[in-house]
Amino acid sequence: MWSTCTALVFALVAASIFTPAYVLEFCQNISPECHSDDNTASNSQSSSHTVKSKWTLNASSLMHDLNQFRVSCKKLLEALPIDKVDGNFVRTVKNCIFSKSIPTPLKGPLRLAAASKDVIEGILDLDASVTRSGDFLHYASGGRLLPGSVPLAHRYGGHQFGYWAGQLGDGRAHFLGQYSNKKGEVWELQLKGSGKTPYSRSGDGRAVIRSSVREFLCSEAMHFLGVPTSRAASLIVSEEPVLRDQFYNGNVKAERGAVVLRLAKSWFRIGSLEILSQSGEIDLLRKLLNFVIDEHFPFINPDNPEKYLVFFSTVVNETAHLIAQWMSVGFAHGVCNTDNFSLLSITIDYGPFGFMESYNPNFIPNTSDDEGRYSIGAQANVGFFNLEKLLVALIPVLTQTQQKQAKIILKGYANIYQMRVHQIFKAKLGLLGEDEDDNDLIAFLLKMMEDTESDFTMTFRELSEVSAKQLLNKNFTQMWALDDLSHHKHFSDWLNKYLFRLSRQQDDSDLDRQHRMKNVNARYVLRNWMAESAIRKAERNDFSEVELLHHILSSPFVTQETAEEAGYAARPPQWASRLKVSCSS
């Protein structure tokens with residue numbers, strides 16, 4: 001049984017590529033800032049609390065007047081070429097990175113459905129009271145431009161479901177400008193759902209309430225889970241009718257338009273480089289690469305002839321880490337196309353995502369994904385595919401020697417991913433030090449979870465909350481996930497090995513182990529049924545559950561009375577299994 005579990009490689013890892021250790025060492029040496037940290041999830045959670053305390057302490061210096069708030073597009077406009085053709089009409093765009101594009105205001109009346117105080121105050125230096133003003137409604141929905149804004153739509157391409165799709169671009173998003181905050185951070189502001197652009201193809205440039213609620217909640221939830229992600233500042237809803245065929249079955253109905261004000265350090269993605277390479281715009285490819293490296297990879301010497309190779313190595317490393325973090329919280333992106341993969345290795349473009357409930361490597365969150373290409377268990381393989389396409393895009397700016405080295409770096413991706421998954425899942429089980437049987441212990445647990453359809457999130461959380469004595473006695477009263485797991489015929493064998501492994505950890509008390517595990521095993525994630533419940537209310541102008549979820553998911557590792565009363569850590573309701581999420585938004 002144990003050798004079988006080893007072969008599964010956690011039932012998570014794409015193990016088709018095995019690379020010598022020297023390749024990994026080369027990858028790490030060429031990219032000095034890439035490293036692994038056993039306590040990443042815990043540290044990320046702690047850092048988010050640090051940010052919150054900073055803006056609390058400096059509350060008196062926050063801006064109360066939106067007229068004081070300015071963004072700038074100067075750096076992008078000076079460094080990168082803009083489309084010479086004006087207008088939002090759909091067209092093929094060449095020889096530029098952006099097109100100027102004016103947002104189309106949502107038709108009122110407008111309502112603020114949600115706002116993130118952590119973003120508004122902690123990133124944008126605004127007092128949260130400004131979100132209650134009419135000015136904010138207009139600025140955050142595209143009806144009025146922020147001082148300094150020159151709205152832009154980004155041109156990019158991408159491989160969608162494995163095939164080159166040609167020109168894609170921001171079809172319903174408008175870049176507003178960069179904001180430099182008091183902490184010295186530079187954030188790019190973007191509206192999503194703000195109307196047509198030259199890249200809208202056959203779309204109307206709008207987003208609807210259901211997809212916008214999901215994006216707002218999940219981007220903030222992922223941040224507080226410690227997963228690198230874009231952020232969401234606000235969600236504005238309107239009465240504007242937007243026609244959607246949600247499941248592409250001919251059932252078109254009118255929904256309501258909404259706009260999310262979202263932020264990221266950069267919105268450049270693999271597809272940003274692909275479109276230039278595919279179009280033969282090599283000088284522009286080099287210009288964009290230099291800009292991205294100068295702005296976002298400061299440890300890379302711009303005069304280093306190997307800089308593009310170091311850049312590629314960094315993206316390979318950080319993409320492997322990001323997907324390992326997705327897996328650690330049971331997150332399936334749903335549409336892992338190259339146009340949805342950030343060059344900064346953050347989670348962007350929340351569409352038909354899903355948090356896995358019953359552990360199942362074949363979990364598919366997107367009903368539009370008929371072949372299961374983007375199932376949760378395939379995400380590591382898809383990451384490799386996308387990095388292959390990034391390498392293809394970089395070939396015109398690499399020497400032949402560098403191309404060979406880049407292929408070696410890419411082969412190291414599987415090892416980096418496996419090492420990171422191993423570290424993360426050891427932490428989730430509270431394991432310290434190294435033991436040759438740890439792989440087996442983790443893999444065997446996941447196989448039992450798959451066989452018993454045990455809940456992914458709550459199994460690990462309840463292991464964090466249960467005492468060693470309770471484990472020994474198999475006392476799982478009010479621990480529904482562990483109770484499900486305990487019905488596996490090999491559970492006792494696994495439990496004995498787990499308890500023995502814990503007993504050998506010197507100077508590690510049961511309370512220390514529980515505390516450590518609670519910091520990396522969330523009690524609450526944005527399950528589809530929770531989002532759906534909030535969406536149904538929001539569509540009736542009741543935003544109470546959106547607010548409740550936003551509050552609870554901002555502290556996902558802390559047991560909260562209101563969350564327990566709402567059933568957010570209970571067994572999912574029966575109707576949850578019937579929910580479907582598609583690409584339509």
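Reader: How do helix H20 and helix H21 pack?
Author: Helix H20 (residues 528–538) and helix H21 (residues 544–553) pack at an angle of about 145°, with their axes 7 Å apart. Axes are lines fitted to C-alpha atoms, for helices over the stretch in contact, and angles run from 0 to 180 degrees between N-to-C directions. Helices are DSSP runs (H or I, at least four residues), numbered from the N terminus. This is a predicted model, in which local features need pLDDT of at least 70, side-chain atom pairs count only at pLDDT 80 or more, and totals for chains, interfaces and linings use all residues. Residues are numbered from 1 along each chain as its sequence is written, and side-chain values use heavy atoms, leaving out hydrogens and water.

Reader: Okay, and which residues in H20 meet H21?
Author: Among them are Met530, Ala531 and Lys537, and on the H21 side the residues include Val546 and Leu549, where contact means heavy atoms within 4.5 Å.

Reader: Switching topic, how many disulfides does the structure hold?
Author: The structure holds 0 disulfides, a disulfide being a pair of cysteine sulfur atoms within 2.5 Å. Cys218 is buried, with a relative accessible area of 0%, and Cys336 is buried with a relative accessible area of 0%.

Conventions:
Buried means under 20% relative accessible area, exposed over 50%, partly exposed in between (1.4 Å probe, protein chains only). Helices (H or I, at least four residues) and strands (E, at least two) are DSSP runs, numbered from the N terminus.
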